[in-house]
Amino acid sequence: MNVRVKFLGGAQSVTGSKYLLEIDHFKLLVDCGLFQGLKELRLRNWDSLPIEATSIDAVILTHAHIDHSGYLPRLVNEGFSGPIYCTSPTASLLDIMLKDAAKLQEEEAEFARKKGYSKHHPPKPLFNTKDAEQALSLLEPSGYHRPVTIADHIEATFYDAGHILGSSIVSLQISGQQQKKNIVFSGDLGRYNQPLLYDPYPMKKADVLFIESTYGNRINAEDRVEDKLAEIVKNAFSKSGCLLIPSFAVGRTQLLLYYLHYLLEKKLIPDCKIFIDSPRAINATYLHKKHRKDHRLSVGKLEHESIFDDPHFHYYRSQDSSENLNAIDSGAVIISASGMCTGGRILHHLFHRLGRSNDTLLFVGFQAEGTRGRRIMEGEPSTRIFGIDVKVKCNIAHLNGLSAHADQNELIKWASQIKSPPKFTFVIHGESQSTASLSKLLTDRLQWPNVVVPEYLESVELFKGI
């Protein structure tokens, strides 16, 4: 039996994760993400895959984030009809996220048609709601630590990655005629000792390892997050303004709510209203209530108890409610998606608040190269929203400690638990500096051989004649 991998995304970039395993004649796609950020990356979403979608036998997802799952409706549109394996919480999240992504695609195409700025006539969405619903119908949910038969010679097991609800490390057991081999995909690894999620599961063996490197060149500060967040909130309110937080709907928003609940309960910030203005984040928050065993927040609490029911929290679903927030001048926290300011309701709030010198914009997560969030964070004096250049006059703040990604030390900690060096280690899902830094550490500190930073569309033979 021969095994090859082809890197269809997530190679020297933090988006578009797609890894095609060809196990003899069986084609297995691990992750199926959209490209985001730089235009040259986003344009890849419109290119046909270098392999026929109909030839792919199955898909495995590490988690629900759009850069790992958002291409699924497009894949279905191109003819894929096989099973999609993931954890049960991931399946629940995908029901929210893929439908929402399809709606945004449709709305953007319609907006482009009305404004006439698209190169396509008429503008078309990358995929539509029907494609998303068809993809959802193919899901095969499973639990952690339960082997799933993918094919006669392939078995997959999900382990908790601690990144978002339902996120997983995927271990593939491939049984050849002579040998058994183990291929491990880290997915996106979370941080250790976090209040929301459990630590990434310690893997002991990997014949071949695919390890993410989002923060492969960064060590997150050890400052107490609650102290830093309290300081930012109080500083924002002292300017007689509001605090606007672009936040990822899944994971980051719920972690923010945990800390804000804590700060209000301990009276470490002024009594205030906190508006969660993101239907997707609200739905994801509900799922944290539903999947209570998959996170820490329910430990020690009764079935009906939840921090998300704090009376300071106000959940806004309707567009009218969202627009009413424009009238609030001071003393409120507004949380909205998307986390990198690439789309969604946050654009509406940025349009109205970037020019307000009393307001504060707080970034609480990684901003990929080429995104509006990255450009604003790096000091761009104006940004184009809805076809209009909006000046950035508000105060800018950044909080590192809320990251859902393991930093350099945590990545090495997780990798060092593998007892024997893998035959190949592929450093993926990171920008060039991150992948270079982590690959050097794995080579020098752990003394692993064959640590590779793959190129986009590169193909590598993993095993021959097993």
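How are α7 and α8 oriented to each other, roughly parallel or roughly perpendicular? Before I answer, a word on the model. This is a predicted model, in which local features need pLDDT of at least 70, side-chain atom pairs count only at pLDDT 80 or more, and totals for chains, interfaces and linings use all residues. Residues are numbered from 1 along each chain as its sequence is written, and side-chain values use heavy atoms, with hydrogens and water left out.

Now the helices. A helix here is a DSSP run of H or I with at least four residues, numbered from the N terminus. Helix α7 spans residues 252-265 and helix α8 spans residues 279-290; they pack at about 70°, with axes 9 Å apart. The axes are lines fitted to C-alpha atoms over the stretch in contact, and the angle, from 0 to 180 degrees, is taken between N-to-C directions. So α7 and α8 are roughly perpendicular to each other, the label for 65 to 115 degrees; under 35 is roughly parallel, over 145 roughly antiparallel, and the rest oblique.

On the α7 side, the contact (heavy atoms within 4.5 Å) uses Thr253, Gln254 and Leu257, which meet Ala281, Ala284, Thr285 and His288 of α8. That contact has three nonpolar, four polar and no charged residues. For the classes, Ala, Val, Leu, Ile, Met, Phe, Trp, Tyr, Cys and Pro are nonpolar, Asp, Glu, Lys and Arg are charged, and the others, Gly among them, are polar.

Next, the voids. On a 1 Å grid over the protein atoms alone, a cavity is a set of points where a 1.4 Å probe fits but cannot get out; a pocket is an open set with protein on both sides within 12 Å along at least five of seven lines; lining residues have an atom within 4 Å of a point. Points are joined across faces, edges and corners, and a volume is the space filled by probe spheres set on them.

The second largest pocket has about 470 Å³. Of its 29 lining residues, the closest to the centre are Phe366, Glu369, Arg374, Glu431 and Ser432. Helix α13 gives the most to this lining, three residues. The lining has nine nonpolar, twelve polar and eight charged residues.

There are four cavities of 30 Å³ or more. The largest holds about 110 Å³, and its lining includes Arg191, Arg252 and Leu255. By class, that lining has five nonpolar, five polar and two charged residues. The second largest cavity has about 70 Å³; of its 14 lining residues, Tyr19, Asp31, His68, Gly187 and Ile428 are the closest to its centre.

Notes
Helices (H or I, at least four residues) and strands (E, at least two) are DSSP runs, numbered from the N terminus.
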